[in-house]
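These notes are meant to be read beside the structure.

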Number of protein chains: 2
Amino acid sequence: MRLSRYFLPILRETPKEAEVVSHRLMLRAGMIRQEAAGIYALLPLGLRVVEKINRIIREEQNRAGAIELLMPTIQSADLWRESGRYDDYGKEMLRIKDRHERDVLYGPTNEEMITDIFRTYVRSYKDLPLNLYHIQWKFRDEIRPRFGLMRGREFLMKDAYSFDLDQAGAEHSYNKMFVAYLRTFARLGLTAIPMVADTGPIGGNLSHEFIILASTGESEVFCHKDYLTMTAPDAATDFDDKAGLDAIVKRWTSLYAATSEKHDAAAFAALPAEAQVSARGIEVGHIFYFGTKYSAPMKAVVAAPDGSLVPVHGGSYGIGPTRVAAAAIEAGHDEAGIIWPEAIAPFRVGLVNLKPGDAAVDGACAELYARLGAKGVEVLLDDTEERPGAKFAAMDLIGLPWQVIVGPKGLAAGQVELKNRATGARETLSPADVLARF
Amino acid sequence: MRLSRYFLPILRETPKEAEVVSHRLMLRAGMIRQEAAGIYALLPLGLRVVEKINRIIREEQNRAGAIELLMPTIQSADLWRESGRYDDYGKEMLRIKDRHERDVLYGPTNEEMITDIFRTYVRSYKDLPLNLYHIQWKFRDEIRPRFGLMRGREFLMKDAYSFDLDQAGAEHSYNKMFVAYLRTFARLGLTAIPMVADTGPIGGNLSHEFIILASTGESEVFCHKDYLTMTAPDAATDFDDKAGLDAIVKRWTSLYAATSEKHDAAAFAALPAEAQVSARGIEVGHIFYFGTKYSAPMKAVVAAPDGSLVPVHGGSYGIGPTRVAAAAIEAGHDEAGIIWPEAIAPFRVGLVNLKPGDAAVDGACAELYARLGAKGVEVLLDDTEERPGAKFAAMDLIGLPWQVIVGPKGLAAGQVELKNRATGARETLSPADVLARF
């Protein structure tokens with residue numbers, strides 16, 4: 001993408017309303033714009049990041065056997081009356097009357113609707129296990145929305161829902177998502193630690209939150225130091241191998257890890273002092289096993305092998321892609337701006353033309369741009385008339401992993417500069433060597 | 001995808017509520033489920049089709065220089081008060097009060113919001129032309145929603161918005177989208193004819209609808225026969241070449257074509273009799289040039305080269321991907337079910353295992369499945385225990401372009417059957433020859 005033809009509205013001023021660093025940097029880097037309290041437009045750079053996050057989430061959901069569909073944002077209130085949550089959910093639910101005065105709502109989550117879809121079509125244990133997911137906008141009318149995409153009212157969520165004949169099957173489904181989440185966050189370039197969690201309004205009796213450590217995190221968390229260096233299960237993991245998944249989940253849950261709500265100070269104190277990590281954390285995923293909480297009142301039953309009709313055992317599994325984008329910034333930034341993990345950077349390379357109008361520099365940039373593109377490397381070419389200082393600042397701010405800087409003096413000597421955004425390391429090398437790097 | 005692990009709830013009965021063929025076939029083929037009046041879930045097969053449509057739309061929008069962002073579904077009422085449309089829009093707009101009793105609404109379109117984004121960031125003619133688009137859910141509270149995805153209340157829309165310094169620039173932007181739409185519909189496998197149209201609540205003085213001919217179409221249309229065989233501009237079209245685009249648009253608008261609202265019976269009668277096509281049509285795209293209708297009241301101004309501040313000239317450009325999916329079925333089906341164009345078929349090949357449990361048949365299917373997959377061919381393998389008759393009927397119903405049928409008798413002779421869904425043509429050939437075809 002040529003910046004002269006892109007829409008990247010960088011802000012020079014630090015926006016006053018932004019209380020956390022991700023909010024501030026996303027506004028400054030032209031990634032988001034607030035449209036109303038807690039409601040944001042994803043500007044082109046922000047959308048690219050969220051789409052990359054979505055793609056990795058999808059690939060790992062599919063690998064674990066989940067099937068994508070897409071439910072609508074507006075739901076009938078009647079479904080929520082059936083489950084008993086219509087009154088429970090309180091003012092966080094955006095309640096709407098349509099033109100015929102029917103009660104509808106903007107879905108804050110989809111347990112009811114997916115259970116309704118399930119009971120419409122599925123009759124037999126032979127069709128289980130089943131895990132259906134979608135990536136769709138949700139709305140939760142927070143009383144005081146803050147922190148940009150970290151806690152918006154309208155936000156994107158990947159929510160998956162599993163259906164099994166019994167608890168043993170449901171635990172296998174839970175473990176599939178547990179492992180899928182380990183892989184997802186690792187691929188996103190984030191260190192996320194599964195922690196025992198409260199179930200809140202979703203309900204149920206087994207739940208883990210996946211928490212990223214960041215000094216700016218919203219809550220206090222406690223865990224064993226070994227979590228920081230554990231390696232996620234590899235792509236060859238067999239999700240049908242119940243015992244194998246059990247072993248992985250056991251390994252990832254046997255060490256101490258808890259949010260403050262579930263913290264056991266005595267157990268934590270019993271760890272060797274050097275293993276005790278007490279830090280701030282950000283929740284980026286949350287998984288639940290809730291048994292028959294929805295299937296029993298909503299009569300989502302299947303025929304068991306013995307012919308009896310039994311309510312299915314369910315679980316739900318959420319990741320907020322818009323929140324993940326913000327959390328990645330909380331975990332990866334410096335004074336100059338964002339430092340993206342390679343996997344979710346909006347572009348991999350920022351190519352800086354220091355002297356547009358100089359035929360040699362323009363030519364070298366055009367060739368690097370074309371040849372990197374041909375190799376599948378996504379490049380943002382700054383071909384604007386800005387001063388070099390402003391270009392460098394903008395590149396550091398938007399945080400692309402690599403910068404290639406092309407100026408007339410270096411080029412006369414056959415050289416360009418390659419800068420690593422995360423380390424700040426700079427090298428001088430030929431354009432051909434730059435191409436060879438990617 | 002193995003059907004035994006997929007979620008494809010085929011209905012044997014014809015749903016009573018479905019009045020048009022696309023609605024009926026999408027319900028029967030397990031593509032959609034109604035969640036409330038005019039509100040549908042896209043089941044996995046339906047989502048695959050819509051995602052393929054989205055991808056082609058995106059590629060052609062990007063090729064024409066439009067830039068993707070993503071605006072939220074919920075908008076502040078204040079923006080619509082500024083443009084004057086808050087009261088105009090009537091009961092079709094879903095009006096909502098949030099927990100703080102603030103007026104918000106579910107966006108039926110985005111002229112106001114994008115104009116607000118524009119005026120926040122863009123100050124100079126040097127940043128023009130600019131075309132921003134998104135693919136997002138919209139809500140229009142139709143009084144009597146009908147016909148499934150053809151006229152839903154919650155529906156997906158790709159809407160693009162162009163900004164130019166003056167009318168000449170805006171016409172170039174309009175022509176870019178005109179040509180992008182010609183290419184988009186051609187790539188989708190649809191014959192869409194641009195017709196002069198009314199502008200309705202969007203406003204403005206230049207507008208075309210893109211209309212697919214189908215005997216079940218919603219409205220009467222009239223056009224010159226030559227439209228049926230015209231070829232869309234190719235991928236090498238230079239969108240910056242104003243004169244070139246002008247010539248293309250002139251060619252595509254010089255022949256008679258009009259919806260009934262704009263029909264000129266005398267002009268139509270003047271065509272040679274054999275050139276007169278009078279048919280039913282379905283609107284799948286609609287483009288508008290509306291000048292300063294939004295920029296003037298909302299003060300979206302830029303500095304012109306002479307330093308004066310002028311309101312920008314705008315246009316908007318919509319395609320409904322969910323509607324396109326339905327329209328493609330209206331234009332492509334027979335008694336047995338859907339006939340998808342290759343470009344938007346949910347899978348390219350349906351591989352039918354006629355005898356699961358037979359080692360030779362299972363082996364041949366597994367090998368074809370793996371080798372077609374390795375070639376990038378999307379395959380749905382029916383490995384279920386259904387009777388052959390039910391499998392054939394389901395494959396015809398869901399309308400994949402190709403069926404490969406593997407049974408024990410044929411296989412003993414080294415043969416499988418290849419069926420073309422559109423023509424019904426069948427061939428007997430070896431598995432190796434099947435692979436060579438794709």
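1. Across the interface of domain 1 and domain 2 of chain A, the rule finds four salt bridges, a salt bridge being a side-chain nitrogen of Lys or Arg within 4 Å of a carboxyl oxygen of Asp or Glu. The side chains of Arg12(A) and Glu386(A) meet in a salt bridge, with an N to O distance of 3.5 Å. Helix H1 (21-28), helix H2 (44-63) and strand E18 (337-338) of chain A each supply at least two residues of the side of domain 1 that touches domain 2, and H2(A) gives the most, with three residues. Helices (H or I, at least four residues) and strands (E, at least two) are DSSP runs, numbered from the N terminus.

2. On provenance, this is a predicted model in which local features need pLDDT of at least 70 and side-chain atom pairs count only at pLDDT 80 or more, while totals for chains, interfaces and linings use all residues. Residues are numbered from 1 along each chain as its sequence is written, chains are lettered from A and ligands numbered from 1 in the order in which they are written, and side-chain values use heavy atoms, with hydrogens and water left out.

3. Domain 1 of chain A covers 3-338 and domain 2 covers 347-437, with bounds that come from an automatic or database domain assignment. The area buried between domain 1 and domain 2 of chain A is about 1,300 Å², of which carbon and sulfur atoms give 57%; buried area is the accessible area (1.4 Å probe) that two parts lose on being put together, summed over both. In domain 1, Leu3(A), Arg48(A) and Ile338(A) lose the most area to domain 2, together 37% of what that side buries.

4. Six of the eight residues of H1(A) are buried, so this helix is largely enclosed by the rest of the structure, where buried means under 20% relative accessible area (1.4 Å probe, protein chains only). Among the elements that cover these buried residues are helix H9 (321-331) and helix H11 (388-398) of chain A. H1(A) is followed by Gly30(A), whose phi is positive, near 65°.

5. Between chain A and chain B, about 4,700 Å² is buried, 62% of it on carbon and sulfur atoms. Phe7(A), Arg99(A) and Tyr121(A) supply 16% of the area that chain A buries against chain B, more than any other three residues. The count between the two chains is six salt bridges; Arg5(B) forms a salt bridge with Asp240(A), the closest N and O atoms being 2.9 Å apart.

Technical notes. Buried < 20%, exposed > 50% of the residue type's maximum accessible area, 1.4 Å probe, protein only. Contact = heavy atoms within 4.5 Å.
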